[in-house]
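Please read it alongside the sequence and the coordinates.

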Amino acid sequence: MTDVTESSSLALETESQRVASNPGAEPRDLQRTFQLVLATVWLLDAVLQLQPFMFTRGSNGFSGMLNNLAAGNPGWVEHSITWNASNVNHYPVLTNSTFALVQFLIGFGIAWKRTLKPALALSIVWALCVWWFGEGVGNILHGGATPFSGGPGAVLFYGLLAVLLWPSEGSDRPFVAARTVGVTAAKAVWAVVWGLLAVLAVVGSGRSPQALHDLVAAYTRQPGWLARIDRATASMFLHHGTPAAILLAVVCVVVAVGAYLPPQFNRFTLVLGIVTYVFIWVATENFGGILAGGATDPN
């Protein structure tokens with residue numbers, strides 16, 4: 001879906017020229033390439049699941065993290081999350097080992113072509129389970145799902161990518177996602193995703209200067225250079241949090257519309273979206289918290 005650009009066509013033309021000059025070569029299967037990228041991310045998540053604190057009981061362990069995610073949700077959602085956290089707290093080794101094993105199975109299953117479809121199907125189901133029980137429904141239900149903190153939940157995109165990368169025959173033109181669901185549907189998915197991000201940027205606490213400041217200030221144990229970036233970002237949010245949220249929403253709308261623009265404008269909107277979210281990943285998400293330990297995914 002992210003190849004909705006003229007550059008993808010140029011890449012495919014270059015590949016065709018390479019094949020023409022070397023008749024024995026086969027064109028690169030871009031869908032398969034992206035499937036392997038998704039497999040790699042699942043394997044990274046599985047490795048992060050094996051951190052020592054994940055096997056620890058109490059508030060400092062994985063169950064404590066899950067309990068924190070329950071707060072603020074409607075009662076029936078909160079109870080389902082705390083129920084899961086209770087099971088994890090009682091059987092931390094068994095439950096966490098199972099969680100890691102499932103993610104390893106998904107990753108290696110996608111990497112092995114014979115188990116690709118079952119692994120992608122499991123990826124969709126597991127992503128939804130993790131989103132509910134492990135990400136607190138992405139904080140959507142209590143207005144805290146700002147994209148500055150990774151809303152609406154990183155793992156949702158794992159499931160979406162599994163759908164868009166479902167193995168199918170055909171051409172990668174004009175972009176890979178169209179191979180499975182068609183051009184019209186793929187563009188619609190793109191527009192809906194970025195439109196949702198735009199809404200989440202300005203609803204609930206997403207436009208609150210104090211909430212955005214506290215979001216970044218909560219990061220601890222970061223390397224010194226990253227802590228300095230955090231302080232600058234937190235200060236910026238405290239003084240200009242609302243304009244920053246509105247600006248992010250505008251960027252998301254522009255990127256959403258970009259899928260329907262001519263290639264030269266589409267390329268600009270794509271680069272704009274990438275640059276914006278790389279900045280967010282570094283300056284407000286601290287690389288998903290991986291450098292400080294305690295992260296369950298790269299966000």
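Predicted model: local features only at pLDDT ≥ 70, side-chain atom pairs only at ≥ 80, totals over all residues.

**Helix packing, ring pairs and a loop residue**

Helix H2 (residues 30–48) and helix H6 (residues 116–134) have axes that come within 12 Å of each other and cross at roughly 50 degrees, which makes H2 oblique to H6.

**H2 against H6**

- The crossing of these two helices, H2 and H6, is left-handed.
- On the H2 side the contact is made by Arg32, Gln35, Leu38 and Trp42, which meet Leu116, Leu120, Ser123, Trp126 and Ala127 in H6.
- Sorted by class, the residues in the contact of H2 with H6 are six nonpolar, two polar and one charged.

**H5 against H6**

- Helix H5 (residues 92–111) packs with H6 at an angle of about 140 degrees, and the axes of the two helices are 8 Å apart.
- The crossing of H5 and H6 is left-handed.
- From H5, the residues Phe99, Val102, Gln103, Ile106, Gly109 and Ile110 meet Leu116, Ala119, Leu120, Leu122, Ser123 and Trp126 in H6.
- By class, nine nonpolar and three polar residues make up the contact of H5 with H6, with no charged residues.

**H3 and its surroundings**

- Helix H3 (residues 62–70) has buried residues at Phe62, Ser63, Gly64, Leu66, Leu69 and Ala70.
- These buried residues of H3 pack against helix H4 (75–90), and also against H5 and H6.
- Gly72, which comes just after H3, takes a positive phi of about 95 degrees.

**Aromatic pairs**

- With ring centres required to lie within 6.5 Å, the count comes to 11 aromatic pairs.
- One of the pairs is formed by Phe62 and Phe99, which are edge-to-face, with 6.2 Å centre to centre and 75 degrees between the planes.
- Because Phe62 lies in helix H3 and Phe99 in helix H5, the pair ties together parts that are 37 residues apart in sequence.
- Both members of this pair, Phe62 and Phe99, are buried.
- The rings of Trp194 and Tyr277 have centres 5.4 Å apart and planes at 85 degrees, so this pair is edge-to-face.
- Trp194 belongs to helix H9 (residues 183–202) and Tyr277 to helix H12 (residues 263–283), so their pair ties together parts that are 83 residues apart in sequence.
- Trp194 counts as buried, because its relative accessibility is 11%, whereas Tyr277 is partly exposed, with a relative accessible area of 21%.
- Phe62, Phe99 and Trp126 form one aromatic cluster, and Trp126 is also among the H6 residues that meet H5 and among those that meet H2.

**Arg57 in the loop between H2 and H3**

- Is Arg57 buried or exposed? Arg57, found in the loop between H2 and H3, is exposed, with a relative accessible area of 52%.
- When its neighbours within four places in sequence are left aside, Arg57 is in contact with Ser63, Asn89, His90 and Pro92, and of these Ser63 is one of the buried residues of H3.
- Arg57 and Leu272 are 215 residues apart in sequence, and their C-alpha to C-alpha separation in space is 43 Å.

Notes. Residues numbered from 1 in each chain as written. Heavy atoms only, no water. Axes fitted to C-alpha atoms, helices over the stretch in contact; angles between N-to-C directions. Helix = DSSP H or I, 4+ residues; strand = E, 2+ residues; numbered from the N terminus. Parallel < 35°, antiparallel > 145°, perpendicular 65-115°, else oblique. Left-handed = near helix turned anticlockwise from the far one by under 90°. Contact = heavy atoms within 4.5 Å. Nonpolar A, V, L, I, M, F, W, Y, C, P; charged D, E, K, R; others polar. Buried < 20%, exposed > 50% of the residue type's maximum accessible area, 1.4 Å probe, protein only. Phe/Tyr/Trp six-rings, centres within 6.5 Å; stacked < 30°, edge-to-face > 60°.
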